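User: I'm new to reading protein models. Could you walk me through one, feature by feature?

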Amino acid sequence: MMRIYNRARIIKRDKGLCVYCGSTDNLSVDHVIPRSRAGECGLTRGEVHSDSNLVSACSDCNSSKSNKLVTEFLGGDTKRIATFLRKARYVNNKIKNMLA
C-alpha cells in the first residue's frame with residue numbers, strides 16, 4: 001500500500017530547511033523527480049509519491065525548479081549538488097546516482 005505523504009512529516013524530517021537553499025521561509029514539499037517526468041527517469045507511480053522522492057523546499061526554489069529534474073535545476077554546480085545530497089539524505093538512490 002502506498003503511503004500518502006504528510007507535509008509536516010517531510011518538513012520535520014528535513015529539519016525545517018529547504019534542501020536546495022537552506023531557507024526556513026514558506027516551506028512546501030517538492031517532488032525531486034517531478035510527477036510529469038517520472039516515467040522517463042524509471043520511477044514507478046509508488047516511487048514518485050514516496051518519501052524518498054519528496055523534500056522540503058521553499059516556495060522560491062519550488063517555483064524555480066518547476067518540472068525540472070534536480071540535475072537540471074542544480075546544473076553542474078558541485079557545491080549545490082553536495083549541499084543537496086547532504087540535506088536530502090533520504091532521497092531515492094536513483095536520484096543520488098543521477099547526481100554522481
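User: Which helix has the lowest confidence and which the highest?

Analyst: This is a predicted model, where local features need pLDDT of at least 70, side-chain atom pairs count only at pLDDT 80 or more, and totals for chains, interfaces and linings use all residues. Residues are numbered from 1 along each chain as its sequence is written, and side-chain values use heavy atoms, with hydrogens and water left out. pLDDT is the predictor's confidence in each residue, from 0 to 100. Here helix 6 is lowest, at a mean of 86, and helix 3 (residues 59-65) is highest, at 97. Helices are DSSP runs of H or I, at least four residues long, and strands are E runs of at least two, numbered from the N terminus. The protein chain averages 90.

User: How do strands 1 and 2 run, and how many bridges join them?

Analyst: Strands pair if DSSP finds at least two bridges between them. These two run antiparallel, with 5 bridges; one pairs Ser28 with Ala57 of strand 2.

User: Is Ser23 buried or exposed?

Analyst: Buried means under 20% relative accessible area, exposed over 50%, and partly exposed in between (1.4 Å probe, protein chains only). Ser23 is at 19% relative accessibility, so this residue counts as buried. You'll find Ser23 in the loop between helix 1 (7-13) and strand 1.

User: What does Ser23 touch, leaving aside neighbours within four places in sequence?

Analyst: Contact means heavy atoms within 4.5 Å. On that basis, Ser23 meets Gly16, Leu17, Cys18 and Cys58.
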